[in-house]
Amino acid sequence: MARFEFRFEVDAPQRSVAELHRHPRALRWLTPPPIIMVVRKAGPLAEDMLASFTMWMGPIPMAWQALHTEVSDAGFRDTAVVGPMKRWSHRHDFTPIDEHRTLI
């Protein structure tokens, strides 16, 4: 399976980063333009939470269902249960750099 890794730093403590990702609107907030997302089902990020949504990449709608696991202040994993790819699983890691910055 292909592997893609991307890291960046944010000026926020690890706990704040984790809290942002747990918010019920996080999927909407963190989806970058020009992608349009309609969330059908989501809630606060929690173990075994299933989110259902449709994303438009240009004129093409793609239905997704993502199962969230390994949820902690250190990050989480989301795995596509339904989606346009044969297999998709990725991990979001929140690693403290110091008390004010986090590596995502």
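**View 1. Phe53, Trp64 and Trp88 are linked into a cluster by ring pairs.** This is a predicted model, in which local features need pLDDT of at least 70 and side-chain atom pairs count only at pLDDT 80 or more, while totals for chains, interfaces and linings use all residues. Residues are numbered from 1 along each chain as its sequence is written, and side-chain values use heavy atoms, with hydrogens and water left out. A search of the whole structure turns up four aromatic pairs; rings of Phe, Tyr and Trp (its six-membered ring) pair if their centres lie within 6.5 Å, with planes under 30 degrees apart called stacked, over 60 edge-to-face and the rest tilted. Phe53 and Trp64 make a stacked pair, because their ring centres are 6.2 Å apart and their planes sit at 10°. Phe53 is in strand β3 and Trp64 in strand β4, so this pair ties together parts that are eleven residues apart in sequence. Helices (H or I, at least four residues) and strands (E, at least two) are DSSP runs, numbered from the N terminus.

**View 2. Trp64 also pairs with Trp88, this time edge-to-face.** Here the rings are 6.0 Å centre to centre, with 85° between the planes. Trp64 belongs to strand β4 and Trp88 to the loop between β5 (75-82) and β6 (89-93), so the pair ties together parts that are 24 residues apart in sequence. And how buried or exposed are the rings? Phe53 counts as buried at 7% relative accessibility, and Trp64 is buried too, with a relative accessible area of 10%. Trp88, at 32% relative accessibility, counts as partly exposed. For the record, buried means under 20% relative accessible area, exposed over 50%, and partly exposed in between (1.4 Å probe, protein chains only).

**View 3. The largest nonpolar core has 16 residues.** Such a core is a set of buried Ala, Val, Leu, Ile, Met, Phe, Trp, Tyr and Cys residues joined through side-chain atoms within 4.5 Å. Val17, Met37, Phe53, Met55, Trp64 and Phe94 touch the most other members. The elements giving two or more residues to this core are α1 (14-22), β2 (36-41), β3 (49-57) and β4 (60-72). Which of them gives the most? That is β3, with four residues. In soluble globular proteins, nonpolar side chains tend to be buried together.

**View 4. A closer look at Met55, in strand β3.** Met55 is buried, with a relative accessible area of 11%. Leave aside its neighbours within four places in sequence, and Met55 is in contact (heavy atoms within 4.5 Å) with Ile35, Ile36, Met37, Ile60, Pro61, Met62 and Trp64. Take Ile36: this residue and Met55 are 19 residues apart in sequence, yet 5.6 Å apart in space, C-alpha to C-alpha.

**View 5. His21 sits in helix α1.** At 13% relative accessibility, His21 counts as buried. What does His21 touch, not counting residues up to four places away in sequence? The list is Ala26, Leu30, Leu45, Phe76 and Phe94.

**View 6. Phe4, Phe6 and Phe8 form a nonpolar patch on the surface.** Together they have about 400 Å² of accessible area, worked out by the Shrake-Rupley method with a 1.4 Å probe, where for residues only the protein chains shown count as cover. Patches are made of residues with over 30% relative accessible area and no salt bridge; like charges are joined within 9 Å, and nonpolar side chains (Val, Leu, Ile, Met, Phe, Trp, Tyr) within 5 Å. Phe8 is found in the segment before β1 (9-10) and is partly exposed, with a relative accessible area of 36%.

**View 7. Glu70, Arg77, Arg91 and Asp93 are linked in a salt-bridge network.** A salt bridge is a side-chain nitrogen of Lys or Arg within 4 Å of a carboxyl oxygen of Asp or Glu, and the structure holds nine. Within the network, Asp93 and Arg91 meet at 2.7 Å, N to O. Asp93 is partly exposed at 37% relative accessible area, and Arg91 counts as partly exposed at 26%.

**View 8. Two further salt bridges are Glu5 with Arg3 and Arg101 with Asp98.** The closest N and O atoms of Glu5 and Arg3 are 3.3 Å apart. Glu5 counts as partly exposed at 45% relative accessibility, whereas Arg3, at 74%, counts as exposed. The side chains of Arg101 and Asp98 meet at 3.2 Å, N to O. Arg101 is partly exposed at 30%, and Asp98 is partly exposed at 34%.
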